[in-house]
Structure formats: structure tokens, C-alpha cells
Amino acid sequence: YDRHIQYRNGLPRYGEWSYGPQVWMMNQLRISHHGQNGVYDHASFNVAVQLFEESRMVRNIQDDERHIREEKVDAYSFNLDFVKTIRARHKLFYGIEGVWDDVTSLGVDENIATGISVKGPARYPQATWSSYALYANYLMHLNDQISLQSGLRYNLVNLDAAFDTTFYPFPYTTASLDHGALTGSLGVVINPSSTWSLSANLSTGFRAPNVDDAGKVFDSEPGFVIVPNPDLEPEYAYNAEAGIARVFGKTVKVDLTAYYTFLQHAMVRRNFTLNGLDSFVYDGELSQVQAIQNAAVANVYGVQIGAEVKLPSGFGLMTDLNYQIGEEELDDGSTSPSRHAAPLFGVTKLSYTHNKLNLILYAQYSGEKAFVNLPQEEQEKTEIYAVDEDGNPYSPSWMTLNFKAQLQLEKNLAISAGLENITDKRYRPYSSGIVAPGRNFILSVKAIF
């Protein structure tokens, strides 16, 4: 949908833009053992094989050339996890994990008039990606009021990619990335009474580039093309979180959580050069070269507020509200709002329960994202945003009213019905290229045999 609303020279840009059938198969084997010994009380071993395939078909309007891009991924993984209770108040969780992906990417250019097909550029390099990790997590109950939890994880990530220079003049034919990091967490939960709960947590995070980050060739939006960046480095996160919850009598519960994340070497999309050029012709259009690059720093912080109220006669009321701010540093040292920090959003529900009947009337809502608060990269995407009074793109606020009902007819039989977006509000979730559904009805029956 977001592609078909793009125009060029007064006409729709694309005659075709669609996904082919998605093929996915997963095979998993799990072996568990319960035993009281010096190494573990419970052990589990999981091994899985996934086969995944997807494709894209793209053709410009009034053009006979159809570009077909197909991706196949064979993914193999294993987990070996242990749980050991050490005395009554201490518990240890530890294990190892391995993931290995084999990525095959193919390109075919097909002439729909003649039926002739030739090899075309692939979306991704031919690549293998692997991740191996060791972890340990320790839970300790100091007493009935205080619990401590700490954890460590070491992750080693490898990416080997081979680039085809037949269609794009990459100054490299291969790339190899090897990165490892030790991350950890430390948290505490304090329950001074049955009506109070306090919590705090410190943690670090690590994400190494994957094939999509470092090797993709893709037109992210009209006039821009993303190219590979084999020099991409991992990003590191440093997190702090604190929460408080209070119960008032038997009817009201209120909770508040505040969080802050400092992201170092954040992976973001920025202008780039290829062989010294900042632009080249891609898909018939002169396009600005961009790549996923490491920004200096990025920050995300916010609060979550929730409340639940038990009302008389089976009624209940709950609400949850989230507010966050994200900033990332630009190349010139200035800052821009982060694309991944959504505007204010939340949900409020009024429920009624009686015997086997459950009714919920609820509202979902989102705040506005004005043009000045849009990330720099989003300000160019005029086709997916509304237009303010000054002619600039922005994300309007919206709210939907919805109703759900469920009736448990028998122990193993239930019927559910719903009416979503009752007011038929036209809205688009922030940074989404797809307008959300209008008024729609849902009816389902669930039977357990």
C-alpha cells in the first residue's frame, strides 16, 4: 500500500509492487530432564531448523521490466538451559545458545512483453550469520520483602558476506564482521508491605550488525537508495529503570515506571558515498546514496503509568499510558528526534463480568507528532503522513472506540464477537505507510477437544 501511493511525474510510480508467497517451515526437538543432582534440577535441550522464503515483484508504471527479488534463509539453532536451586532462597539459571543463518538472495529481471528473463541484482549478498552465547542468571531472595537478580551474558557474532559487483560498482567483494561483548543486569524488588512494591534495574545491551543492516541494497523512499556498509559497528545500550506500585484497599492498583536508555554507536540511516559519489541512477531515478551507519549517541527515556479499579457489580476500569522521547545525534553534531520513539499512546478499558459473560468497551489512542518533532529522515516521506496547515507532513492524534464480548457456552466451547473502530475513524499509526482498518466486525468460535 505504501508503495502504491507514491507518484512520479504525475502518475503512480509503480504498476506492480507486491510480495510473493511466503514459505516457512519449522522443525523443533525438545528434550527435558528433571533430576536432583549437583549440576541442575531441571535441564532442557532445544534444537530447531527453520526454512524461510519470501520474494518481491516490482515494475514501474508503463514499463515492461519486472524486477523479482527472492530471499531464502536456512536457520539452525540450539539452546541448552539449566535451572538449579541452591538452598531455599537462591536459584541459578544458566546455559548456552547458538544460532546459524545461511542467506541466499537471488535477482531476476523479467520482460512481461517478451517473457524473457535474465539475471538481475540481488537485494542481499550471499551470506552466513552466526551468534553464540553463554549466560548465567542468579535470583536471590534476601528475605520475604527483598529479592535480588543479577545476570551476565557473553555473545559472539560473526557475519561473512560475498557481494556481486556485476550490477553495482561496490569497492569490495567480501565483508567479514566479528564482534563479541559481555552484557549484564542487576535488579532489585522490594515489597515493604502487601500494598507496596518498589523495583529498580540496571542493564547493558549489545546488538551486532546483521545481513539486513550491513548488506542490503534497497530504495527506502523515492530518490534514496540504501547501499551496504561493511564497516558498520555494533551498537551498545545502557539502561536504567525504576518502578513503584501501590494497592489501595481491595479495589485500586496504581503503578508507575520510568526508564532511560543511552545508545552508543546507534545504527541509523544516513547519507553515504559509493566510490566517492553521493548519488547514482537506481531504478531509473537519480537517487541519494544512504547506508546504515553508526551515530555518535542516541537517548530514549519515558514513563509508563497504569491504573486498575474494581467497581461494584462486576464492573472494572483500567488504563495504561506511555510517553517517551528519543533523540539521536546527527553528523553535524545537532540532534534529531528518533524515529523509533512513538508519540504518547495508551488504552483505557471498561469491563463487565457476570457468570460466563465478559464484556469490554475500550478506547485506544495516540498523540500528535508535529512536523518539528518528526525525525529528519521522516520529514521527507510526504506520502505516508498527513499535511498540516503549513503544508508540512505530520502525524495527527487519533482515538478509536471498540467493543468485545465473550460467552463461555460450555467448558470447552466459547463464542466471541467484536466491533472495532466503532466511529469508523480514519487514522494512520505513527510512521506507518498503511491506513488502519475502518469499522470492522469479528466473530469467532473456539472449541477445545
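**Aromatic rings and a nonpolar patch**

Modeller: Lys 369 lies over the face of Tyr 430, 5.3 Å from the ring centre. A charge counts as over a ring if NZ of Lys or CZ of Arg is within 6 Å of the ring centre and within 35 degrees of the ring normal. This is a predicted model: local features need pLDDT of at least 70, side-chain atom pairs count only at pLDDT 80 or more, and totals for chains, interfaces and linings use all residues. Residues are numbered from 1 along each chain as its sequence is written, and side-chain values use heavy atoms, with hydrogens and water left out.

Biologist: Which ring does Lys 349 lie over?

Modeller: Lys 349 is 5.9 Å from the ring centre. The ring whose face it lies over is Tyr 362.

Biologist: How many aromatic pairs does a search of the whole structure find?

Modeller: Rings of Phe, Tyr and Trp (its six-membered ring) pair if their centres lie within 6.5 Å. Planes under 30 degrees apart count as stacked, over 60 as edge-to-face and the rest as tilted. The search covers the whole structure, and the number of aromatic pairs is 13.

Biologist: What is the angle between the planes of Tyr 76 and Trp 100?

Modeller: Their centres are 5.6 Å apart. The pair counts as tilted, and the angle is 40°.

Biologist: Which strands does this pair link?

Modeller: Strands are DSSP runs (E, at least two residues), numbered from the N terminus. The two residues are 24 residues apart, in distant parts of the chain. Tyr 76 is in strand S6 (residues 65–86) and Trp 100 is in strand S7 (residues 90–111).

Biologist: Why does Phe 315 count as partly exposed?

Modeller: Buried means under 20% relative accessible area, exposed over 50%, and partly exposed in between (1.4 Å probe, protein chains only). Phe 315 counts as partly exposed because its relative accessible area is 37%.

Biologist: Where is Trp 196?

Modeller: Trp 196 is partly exposed, at 33% relative accessibility. Its place is in strand S12.

Biologist: What accessible area do Trp 196 and the other residues of its nonpolar patch have together?

Modeller: The patch lies on the surface and includes Leu 198, Val 303 and Tyr 323. Nonpolar side chains (Val, Leu, Ile, Met, Phe, Trp, Tyr) are joined within 5 Å, like charges within 9 Å. By the Shrake-Rupley method with a 1.4 Å probe, the area is about 670 Å².

Methods: Helices (H or I, at least four residues) and strands (E, at least two) are DSSP runs, numbered from the N terminus. Patches are made of residues with over 30% relative accessible area and no salt bridge: like charges are joined within 9 Å, nonpolar side chains (Val, Leu, Ile, Met, Phe, Trp, Tyr) within 5 Å. A salt bridge is a side-chain nitrogen of Lys or Arg within 4 Å of a carboxyl oxygen of Asp or Glu.
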